[in-house]
Amino acid sequence: MRRATAEGERRPATPGALGSVWGSSGRSHSVDLTALGKHGEVYTEGPFACLAWSRSETRLLYVAEKCRPKPRPPCPWDVPGAARPAEEDEEEEGEQFVYHEDWGEALSTRSVPVLCALDLEGSSLSVLEGVPEHLSPGQALWSPDDRGVVFVGWWHEPFRLGLSACSNRRSGIFYLDLAGGRCELLSAEHGAACSPRLSPDGRRLLYLEGGLGGPHRQCLRLHMFPRWGMSLTAGSPQLTWQTRQTVTVLDVVQESTEGECAFTGLYGEALPPRCWAADSRRAVLGTPQRSRTDLLLVDTEAATVTNLTAGSPEGCWELLTLQWDLLVATCSAPHRPPSLVVAVLLPAGRELPLRWVPVEDAPTVPGVTWKTLTVHPLCSGQSPAAHGAQAFEALLLSPKDGTAPHPLVVCPHGGPHAVFDARWRPSMAALCRLGFAVLLVNYRGSLGFGQAGISSLLSHVGEQDVADTQVRTPVLLCVGARDRRVSPTQALELYRVLRARGVPVRLLWYPEGGHALAGVETEADVFGNCARWLLRHLGQPQRDGTGRHSP
């Protein structure tokens with residue numbers, strides 16, 4: 001068994017990656033993937049990235065940025081149209097300042113991805129040919145016979161649309177025949193498909209698919225090619241599909257039903273890299289289910305779903321890998337940091353109860369309690385009557401000590417199509433330790449509650465989500481100057497309007513920050529400023545003689 005890694009490193013001119021291959025006796029290969037000049041930076045994360053072994057474990061498949069011609073050096077006596085010798089990889093005259101599209105927020109260095117194969121036995125690297133020019137490939141894996149590649153292709157015509165947190169962009173599952181260079185669309189012509197996962201026996205292919213347009217995140221379908229096999233064509237084995245009809249294993253759920261084990265649909269951005277059980281029939285995946293994220297066992301033949309973690313005290317489960325029916329996962333709760341756990345998946349029909357064994361256990365944080373609230377909003381003239389009665393949920397985190405009521409911090413999630421699941425969030429637990437109660441609102445239109453709820457928010461953003469959240473308070477604006485999802489100038493305009501109206505407002509401007517305001521230094525500064533702002537305007541919680549907080 002071999003393991004491969006792609007480690008990013010910075011060079012003066014060309015960012016790239018150092019590829020390392022490890023076996024039972026240690027590192028066997030180390031290759032500078034960009035030194036050969038075949039491609040640019042290797043994609044080590046994001047929606048395009050992949051690192052896949054061939055079945056023979058002699059070739060590695062990955063995605064990198066396509067090489068661009070070198071800038072043409074300026075010459076003071078150049079005359080347009082005059083003959084001038086150019087190097088082979090030098091750009092043509094007049095191309096230096098041509099605009100190149102990228103894939104948006106968090107993907108500003110991703111423009112033209114290419115599929116690449118590293119041959120360890122032949123010590124060669126090649127950029128695969130045959131991918132249509134109107135597609136950007138990613139999430140690739142080898143076919144069972146190593147003669148072809150299955151990949152996700154995103155259409156980038158007429159122009160590229162941002163992919164981060166957007167499962168509604170046009171994409172499909174493609175098969176590239178490496179011998180003949182033929183590229184074939186396997187999934188629907190007009191859909192948004194991703195996450196192809198091949199079963200251990202190589203005969204079934206699972207993938208997710210959503211609708212085009214509409215909400216940027218939505219309830220997805222789980223599709224499968226059920227009979228993928230080998231046949232003899234012209235005397236040689238060829239990969240064929242015994243039927244071109246895909247099977248819908250799990251469909252979109254329109255209306256969610258209440259209940260601990262009720263299935264509310266699939267909302268994850270991707271399937272786990274290793275999600276198949278050893279029987280090549282069952283698969284395990286994680287997805288929001290109302291205000292939780294649970295692990296679901298899917299029987300692809302019976303098209304049934306079993307919730308493996310329903311009712312557990314942990315509110316968020318994430319599958320890391322499933323190999324030889326050994327589940328490796330993390331679990332957390334609003335008052336408990338993630339713990340690493342393992343369990344054995346028993347044969348079909350005997351899966352429950354799972355016996356989780358902690359590998360690295362994290363203790364609960366003292367002084368923090370939490371519960372899930374169900375809210376039934378009043379009908380208003382702002383929302384259609386059909387959706388006015390829809391209940392929604394909120395997570396309430398409270399200090400365990402002190403005298404209620406506590407000062408309340410209300411947090412609606414972003415998106416707007418996202419969800420607050422009951423996972424560990426250090427900043428929210430810290431606010432509880434400071435004496436505040438925190439309400440995390442999953443307003444109507446949040447993920448995990450059915451497609452109808454998601455669709456109800458369309459044309460009502462800023463109405464029902466705001467109405468579900470009833471907030472009037474001094475404003476602290478935390479803005480990333482490099483935000484490509486929401487223009488930072490909108491925050492500046494709001495800041496000026498609020499100041500003109502005499503509303504207490506403060507603006508924090510992070511020059512290198514994006515939409516998520518990520519990074520240790522930035523996140524620490526944001527939390528520190530938010531905590532001081534809340535203490536200032538909600539009042540400093542006082543401690544009584546026992547050391548407990550009281551408002």
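Trainee: Why is V344 called exposed?
Mentor: The model is a predicted one. In it, V344 has a relative accessible area of 51%; exposed means over 50%, so the label applies. V344 lies in strand β23, which covers residues 336-344.

Trainee: Which residues make the nonpolar surface patch, and what is its area?
Mentor: L326, V344 and L346 make the patch, with an area of about 230 Å². Membership requires over 30% relative accessible area, and V344 has 51%.

Trainee: Why is the pair of F151 and F174 called stacked?
Mentor: A pair of aromatic rings is described by the distance of the centres and the angle of the planes. For F151 and F174 the centres are 5.5 Å apart and the planes stand at 15°. F151 belongs to strand β9 (residues 148-155) and F174 to strand β10 (residues 171-177), 23 residues apart, so the pair links distant parts of the chain.

Trainee: What makes the pair of W155 and F174 tilted?
Mentor: The ring centres of W155 and F174 are 5.7 Å apart, and their planes meet at 50°. W155 in strand β9 and F174 in strand β10 are 19 residues apart.

Trainee: Are F151, F174 and W155 buried or exposed, and how do you know?
Mentor: Buried means under 20% relative accessible area. F151 has 0%, F174 has 5% and W155 has 14%, so each of these residues counts as buried.

Trainee: What makes R170 count as a charge over the ring of W155?
Mentor: R170 lies over the face of W155, at 3.9 Å from the ring centre, and the distance limit is 6 Å. The charged end of R110 likewise sits over the ring of Y43, 4.2 Å from its centre. Y43 is also linked by ring pairs with F48, W103 and W154 into a cluster.

Trainee: How do you know that C67 is in no disulfide?
Mentor: The structure holds zero disulfides. For C67, the nearest cysteine sulfur belongs to C116 and is 8.9 Å away, whereas a disulfide requires sulfur atoms within 2.5 Å.

How values were computed: Residues are numbered from 1 along each chain as its sequence is written. This is a predicted model: local features need pLDDT of at least 70, side-chain atom pairs count only at pLDDT 80 or more; totals for chains, interfaces and linings use all residues. Side-chain values use heavy atoms; hydrogens and water are left out. Rings of Phe, Tyr and Trp (its six-membered ring) pair if their centres lie within 6.5 Å; planes under 30 degrees apart count as stacked, over 60 as edge-to-face and the rest as tilted. Helices (H or I, at least four residues) and strands (E, at least two) are DSSP runs, numbered from the N terminus. Buried means under 20% relative accessible area, exposed over 50%, partly exposed in between (1.4 Å probe, protein chains only). A charge sits over a ring if NZ of Lys or CZ of Arg is within 6 Å of the ring centre and within 35 degrees of the ring normal. Patches are made of residues with over 30% relative accessible area and no salt bridge: like charges are joined within 9 Å, nonpolar side chains (Val, Leu, Ile, Met, Phe, Trp, Tyr) within 5 Å. Accessible areas come from the Shrake-Rupley method with a 1.4 Å probe; for residues, only the protein chains shown count as cover. A salt bridge is a side-chain nitrogen of Lys or Arg within 4 Å of a carboxyl oxygen of Asp or Glu.
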